[in-house]
Amino acid sequence: MLSVHRINLFAIVFPFLLGYACQSPERQGRIDGAIHSEKIRSHIQFLSDDITEGRGPGSRGIELAAKYIATQFQGSGLQPAVGDSSYFQKVGLTAMRSTTNLILRGFGRYWSLKPGEHFTAKTKIENPYLSLRNKNVVFMGYGIDAPEFNWNDYEDVDVAGKVLLMFVNEPSSSSASFFDADTLTYYGRWTYKYEEAARKGADGVILIHTTPLAGYGWNVISNSVGRESFQISPKEDEKLLSLRAWINEEKAREILTAGGYELDDLIQKANSSSFQPIELSLKVSTTIRTQLRTIETENVIAKLEGSDPELRDECIIYTAHYDHLGNKQAGDEDGIYNGAFDNASGTAALIEIAAAFAKTNLNPKRTILFAAVTAEESGLLGSEYLAQNPIFPLSKTVANINTDAINVWGKTKNIVTLGAERSSIQQIVKEVAKEMSVELSPDSRPEQGLFFRSDQFSFVKKGVPAVNIKGGLKFIGKPENWGPNMVKDYVANRYHQVKDEYDPNWSLEGTVQIAQFAFKTGLYLANSNEMPTWNDGEQFKKIREQSIADVISKK
Ligand SMILES: [Zn+2]
């Protein structure tokens, strides 16, 4: 009985805590009818038109898209957020195209690996020529230092100046308290492996690819060979890896077998809490030649100033990436990566969420920022730049709401709020779901680590609680397997391909539904009395607490 009473009391008190109760029907009507599908359709059509050339960073096409978005913000009556008068935050990037070799010596043998076929390699060092000679190789298991799971592969080994061979993913677990069971933690992502090894002073990392551990095939990695990649120029004191490489399973197996190691046995060992790194009698050499150029691209950011003098120096930030993969490169068949679903859809929603805030005159208490971010496809770079150079200090950035590749196939019975369950944002999305009569469904592919793979993660990494709002797969009036089949078809035939084009048959009521959900979530967050907090045990909770404490101690 007690628990029932508690729940009822909570249901009554909670809307007041959010500062959102006592809606007039007129106000509620303004909120419910704020977003329309025709507008969203027109934005998707323009943004994914051939005229924007696939919106590759540094292209004239992406400039056109940026101008279009800024014009929409301006037309809606939203203020420029960069300085006093600009919608554009300039993001300088270094473009790098490398050719590499990779040579391994040891176990009485010699291997000269073929780029693309056996390995890929890049560097973080902005130098036209770089070479490593006969560096010692250490097998590091998963290469993870995770204090909250009491796991440290780096504990008893000196990795300075060495090249580390390791698996992607994380120790397998069936317990929620140990690497979150089936849900991938950030420790399992390849980006983490490179970052941690650099922090520990290693000179390079070679990741062993297996399809089950990576969650995708070798082709996804080998596709990057010969392509230009982008980065934010490293800071002067930043520790950098000279070599960031992948090796495919077959070659890794062959080399390790020559030394008397079995790959499957090493996976077993890596999974064990008694794992110890293995110094291999293997040396690696590489030469990396890089063509460098600098490019300028931009985030497009508008704001709606908060109405409450006490709270208007705090902000909610909406993001959606408006870049995509650009044009196919010479030698490929002619074509433009239109990126209609990924992510003209989310950008269109962002533009209309911003317009909805402007026209409904709801006077949210906190300031709201709307950021169409660049270079997501190049490694979340636009959002990373924004998180490094925030409009409001991160300690005052209450939450991030991101939309990336959102449902264009019709209304659904359910919505997925990726990452909300990690913080008190969960209470807010539950409230919104109730109001909109939709179910909340968990991520259908938790092992993919999607929460770490779009722009919300640039904020999460800096401690800001975030949510990525996506459509569910239960489509109204369609059989149960219709939604999952649509996704399968998209992944197989359009994802990151030139065929990701606008389709006039798209039913955008589902897109409206997500935009509406995101709009309401932001409105709650802008008006709530408390800032959202991470749940206990979340990896980024400490960073948040630190960033808020730093501000208090400076006062
Ligand atoms: Zn995307």
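How much space lies in the second largest cavity? In this predicted model, where local features need pLDDT of at least 70, side-chain atom pairs count only at pLDDT 80 or more, and totals for chains, interfaces and linings use all residues, about 40 Å³ of space lies in that cavity. Residues are numbered from 1 along each chain as its sequence is written, and side-chain values use heavy atoms, with hydrogens and water left out.

A cavity is a set of points, on a 1 Å grid over the protein atoms alone, where a 1.4 Å probe fits but cannot get out, and its lining residues have an atom within 4 Å of a point. The second largest cavity is lined by Cys315, Ile317, Leu369, Leu386, Pro390, Ile391, Phe392, Leu394, Thr397 and Phe459, of which nine are nonpolar, one is polar and none is charged. The largest cavity holds about 70 Å³ of space, and its lining includes Leu104, Leu165 and Ile206; helix α8 (249-258) and strand β9 (204-208) each give two or more residues to this lining, with α8 giving the most, three residues.

The axes of helix α10 (residues 340-360) and helix α15 (residues 509-527), fitted to C-alpha atoms over the stretch in contact, come within 9 Å and cross at roughly 50°.

Methods
Axes are lines fitted to C-alpha atoms, for helices over the stretch in contact, and angles run from 0 to 180 degrees between N-to-C directions. Helices (H or I, at least four residues) and strands (E, at least two) are DSSP runs, numbered from the N terminus. On a 1 Å grid over the protein atoms alone, a cavity is a set of points where a 1.4 Å probe fits but cannot get out, and a pocket is an open set with protein on both sides within 12 Å along at least five of seven lines; lining residues have an atom within 4 Å of a point. Grid points are joined across faces, edges and corners, and a volume is the space filled by probe spheres set on the points. Ala, Val, Leu, Ile, Met, Phe, Trp, Tyr, Cys and Pro count as nonpolar, Asp, Glu, Lys and Arg as charged, and the others, Gly among them, as polar.
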